[in-house]
Amino acid sequence: MIYLVVFAVPALFVLVMGLLDWRFRPGTWQDLICDLGWDSHVLAWGALGGVFTNSNINASFESQNQVVIAALICVGLLLILAICLLGLLPPRYQPQVAWKAVLALTLGGFALAVPGTIAYRAHM
């Protein structure tokens with residue numbers, strides 16, 4: 001159930017809102033893909049909070065210290081992914097390169113995989 005609440009429904013809203021944004025503020029498909037990659041990364045931060053506030057996930061760790069260490073590792077990974085994503089984005093008003101746009105979306109997916117892995121580890 002946590003996958004639906006924390007991942008699937010918010011990811012659907014990210015996609016719908018990204019498409020609406022693209023519809024009413026037209027741009028290239030590369031811009032849409034970059035925006036979706038960044039929005040997925042922002043969603044990953046929210047999902048991380050949802051995952052670590054779940055009592056079942058915290059109970060799946062042997063001690064509270066492991067929960068803290070896992071949370072710090074996830075935060076570090078998400079920060080590294082944010083830096084990589086920001087490095088791929090072009091300067092303002094410059095056209096986006098297709099391979100960088102696809103890589104940005106991939107990094108956004110990896111960002112969502114960070115809290116997803118913790119939830120999967122806890123057999124949620």
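Student: Which helices each supply at least two residues of the lining of the largest pocket?

Tutor: Helix H1 (2-24) and helix H2 (29-52) do. H2 gives the largest share of that lining, five residues. This is a predicted model, in which local features need pLDDT of at least 70 and side-chain atom pairs count only at pLDDT 80 or more, while totals for chains, interfaces and linings use all residues. Residues are numbered from 1 along each chain as its sequence is written, and side-chain values use heavy atoms, with hydrogens and water left out.

Student: What makes this space a pocket, and what makes a residue part of its lining?

Tutor: On a 1 Å grid over the protein atoms alone, a pocket is an open set of points with protein on both sides within 12 Å along at least five of seven lines, whereas in a cavity a 1.4 Å probe fits but cannot get out; a lining residue has an atom within 4 Å of a point. About 360 Å³ of space lies in the largest pocket. Its lining has 15 residues, and Asp21, Arg25, Asp31, Leu32 and Asp35 are the closest to the centre. The volume is the space filled by probe spheres set on the points, which are joined across faces, edges and corners.

Student: How does the lining of the largest pocket divide by residue class?

Tutor: Seven are nonpolar, three polar and five charged. Ala, Val, Leu, Ile, Met, Phe, Trp, Tyr, Cys and Pro count as nonpolar, Asp, Glu, Lys and Arg as charged, and the others, Gly among them, as polar.

Student: Which residues line the second largest pocket?

Tutor: Leu89, Pro90, Pro91, Arg92, Tyr93, Gln94 and Pro95 do. The space in this pocket is about 200 Å³. Its lining holds five nonpolar residues, one polar and one charged.

Student: What makes arginine 25 and aspartate 21 a salt bridge?

Tutor: Their closest N and O atoms are 2.7 Å apart. A salt bridge needs a side-chain nitrogen of Lys or Arg within 4 Å of a carboxyl oxygen of Asp or Glu, so the pair qualifies. The structure holds one salt bridge.

Student: Why is arginine 25 called exposed and aspartate 21 partly exposed?

Tutor: Exposed means over 50% relative accessible area, buried under 20%, and partly exposed in between (1.4 Å probe, protein chains only). Arginine 25 has 58%, so it is exposed. Aspartate 21 has 29%, so it is partly exposed. Across the 124 residues of the protein, 35% are buried.

Student: Why is phenylalanine 24 called exposed?

Tutor: Phenylalanine 24 lies in helix H1. Its relative accessibility is 62%, therefore it counts as exposed. Phe24 also belongs to a nonpolar surface patch with Leu4, Val9, Leu12, Phe13, Val16, Met17 and Leu20, with about 780 Å² of accessible area together. A patch takes residues with over 30% relative accessible area and no salt bridge, joining nonpolar side chains (Val, Leu, Ile, Met, Phe, Trp, Tyr) within 5 Å and like charges within 9 Å.

Student: Why is threonine 106 called partly exposed?

Tutor: Threonine 106 has a relative accessible area of 35%, so it falls in the middle class. Threonine 106 lies in helix H5. From isoleucine 33 it is 73 residues away in sequence and 9.6 Å in space, C-alpha to C-alpha.

Student: What pattern does the protein follow along the sequence?

Tutor: The pattern is α-α-α-α-α. The protein has five helices and zero strands. Helices (H or I, at least four residues) and strands (E, at least two) are DSSP runs, numbered from the N terminus.

Note on methods
Areas by Shrake-Rupley, 256 points an atom, 1.4 Å probe, with all protein chains shown as cover.
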